[in-house]
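The exercises below are meant to be worked with the sequence and the model open side by side.

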Amino acid sequence: MNHLNNTCNAEEQNKPLTVNGIRLWENLMDMAAIGATKNGGNSRLALSAEDSAGRYKFINDCKRLGMTVVTDAIGNMFCRYEGSQPELDAVVVGSHLDTQPKGGRFDGVYGVLAALEAVRTLSEKRIIPKRSIEIAVWTNEEGARFTPAMMGSAVFTGVMKLDDALRRKDAKGISVAESLHAEKWIGGSPLGRRFDSYFEAHIEQGPILEELEVNIGVVTGGQAISWLDITVTGCSAHAGTTPMKNRSDALLAVAEMAGDLEKVALTFAPLGLLTIGELTIASPSRNTIPGEVTFTLDLRHPEDEKLTQFELACRQAIVSVASRRGMALSISEHWLSPATPFDHQCIELVDESVKRLGYPYKRMLSGAGHDAINISKHCPSAMIFIPCAGGISHNESESIEPIHAEQGANVLINSVLARANH
């Protein structure tokens with residue numbers, strides 16, 4: 001009889017852990033009610049009152065589990081589930097709670113709440129891992145209110161200087177420093193402290209998993225990203241009195257540039273991606289020819305060398321149009337993130353967890369930037385993707401299936417627990 005019980009216990013211990021999918025989904029919907037938009041999305045801009053409300057809800061949930069909560073100088077938040085050997089470096093898992101101005105309910109938020117559900121499950125089962133597990137909520141990942149994106153993790157890892165980040169301002173002229181003080185998120189946790197490893201679960205934000213009917217993406221790294229700021233200057237003039245041949249219309253020049261840039265992008269397709277995400281006319285008026293236009297360029301490619309070639313070709317196309325039309329031109333680099341491979345051992349842990357759970361999966365690169373890209377420069381890191389409907393993200397219609405949310409959290413808890421016990 002004792003032998004039978006021991007056998008049953010051994011079999012039980014070899015089974016992968018599973019989370020409470022219903023509870024995870026309810027928690028996602030509860031968080032979605034904070035900063036909800038009329039079309040079913042979310043608006044919780046970084047360091048806003050809505051962002052703080054989401055953070056406080058999360059803190060309360062963590063404290064009910066007996067977790068301790070600290071913040072650092074840029075407002076990154078860490079909630080700690082103590083391990084049996086707390087002197088060891090912690091395994092950190094998380095993402096972000098801030099959103100786009102009219103974003104979805106799952107981008108970033110899923111990774112934070114999947115991590116919380118993993119800890120809840122460990123707590124319920126009275127599982128104390130060797131290493132402590134910390135859930136990170138990174139500040140201003142989206143870069144929607146303050147640029148650049150992934151600011152909190154960049155400051156934490158030293159990729160961006162704290163003073164530089166604190167000086168950054170939103171469209172209303174409010175600085176990061178002012179917002180941190182107003183929302184009371186500055187804490188004493190040291191920047192750059194040691195982690196054992198980092199795991200992040202996220203929606204894919206693209207169509208690949210859904211198209212392949214695959215439930216889990218085992219992410220092997222992130223592609224290179226270059227952000228450029230371009231200002232084209234012509235001459236403002238009266239719209240009703242200036243003949244077409246005498247005009248120096250900056251907007252029409254930018255329109256021609258956009259067409260040529262698309263042609264450049266197609267030569268680097270399918271891996272090369274180009275987006276003009278912002279375009280601003282200086283002092284716009286209905287009856288004034290635009291004299292100055294500023295626009296942004298987002299370039300992406302999995303290979304650093306190819307991205308360099310891509311950017312050079314784009315610069316040449318822009319210069320060519322400006323020269324032909326007699327426009328003054330300024331091109332400056334706003335941000336550069338090199339291609340980033342994730343840690344082989346962490347990837348293997350995710351891979352093994354998926355196999356044990358029996359889910360169909362695909363190894364893949366991340367097309368989007370994530371905090372894990374910055375943290376991978378600091379410690380061994382990996383990511384887990386789940387599908388999103390139509391590949392749509394940064395949109396109020398962003399959607400995922402509850403079963404995929406549950407499966408991603410199952411992969412996360414087993415990967416993190418394995419690492420925490422190593």
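## Exercise 1: the largest pocket

The largest pocket is lined by 46 residues, and those lying nearest its centre are Trp 227, Thr 275, Asp 298, Arg 300 and His 394. This is a predicted model, in which local features need pLDDT of at least 70 and side-chain atom pairs count only at pLDDT 80 or more, while totals for chains, interfaces and linings use all residues. Residues are numbered from 1 along each chain as its sequence is written, and side-chain values use heavy atoms, with hydrogens and water left out.

Task: state which strand gives the most to the lining of the largest pocket, and how the lining residues divide by class.

Solution. Begin with the term itself: on a 1 Å grid over the protein atoms alone, a pocket is an open set of points with protein on both sides within 12 Å along at least five of seven lines, a cavity is a set where a 1.4 Å probe fits but cannot get out, and lining residues have an atom within 4 Å of a point. The largest pocket holds about 1500 Å³ of space, a volume being the space filled by probe spheres set on the grid points, which are joined across faces, edges and corners.

Next, assign the lining to elements, where helices (H or I, at least four residues) and strands (E, at least two) are DSSP runs numbered from the N terminus. At least two lining residues come from each of β7 (224-233), β9 (273-275), β12 (292-301), β13 (328-337) and β15 (361-366), and β12 gives the most, with six residues.

Finally, sort by class, with Ala, Val, Leu, Ile, Met, Phe, Trp, Tyr, Cys and Pro counted as nonpolar, Asp, Glu, Lys and Arg as charged, and the others, Gly among them, as polar. The lining then divides into 20 nonpolar, 17 polar and nine charged residues.

## Exercise 2: the largest cavity

Task: find which residues line the largest cavity, and which helix supplies the largest share of them.

Solution. The count comes to one cavity of 30 Å³ or more, and the largest cavity has a volume of about 40 Å³. Its lining consists of Val 93, Ala 115, Ala 118, Val 119, Leu 122, Ile 133, Leu 412 and Val 416. By class these are eight nonpolar residues, with no polar and no charged ones. Two helices, α4 (109-124) and α13 (402-420), each supply at least two residues of this lining, and the largest share, four residues, comes from α4.

## Exercise 3: the faces of α10

Task: decide which residues of α10 are buried and which exposed residues lie on the face turned away from them.

Solution. Helix α10 (residues 304-325) has 22 residues and spans 32 Å from its first C-alpha to its last, close to the 32 Å expected at 1.5 Å a residue (1.5 Å times one less than the number of residues). Buried means under 20% relative accessible area, exposed over 50%, and partly exposed in between, with a 1.4 Å probe and protein chains only. On that basis the buried residues of α10 are Leu 307, Phe 310, Glu 311, Cys 314, Ala 317, Ile 318, Val 321 and Ala 322. Seen down the axis of α10, these residues fall within an arc of 130°, so they line one face of the helix; the arc is that of the directions from the helix axis to the C-beta atoms. An α-helix has 3.6 residues a turn, so residues three or four places apart point the same way. The face turned away from the buried side carries the exposed residues Glu 305, Thr 308, Ser 323 and Arg 324.

## Exercise 4: backbone details in loops

Task: locate the two prolines that follow cis peptide bonds, and two residues with positive phi that are not glycine.

Solution. The bond from Thr 147 to Pro 148 is cis, with omega near 5°, and Pro 148 sits in the loop between β4 (133-137) and α5 (151-157). The bond from Ala 269 to Pro 270 is likewise cis, with omega near 5°, and Pro 270 lies in the loop between α9 (250-267) and β9.

Turning to phi, Arg 126 has a positive value near 55°; this residue is in the loop between α4 and β4 and is exposed, at 75% relative accessibility. Lys 184 has a positive phi of about 60°, is placed in the loop between α7 and β5, and is exposed at 66%.
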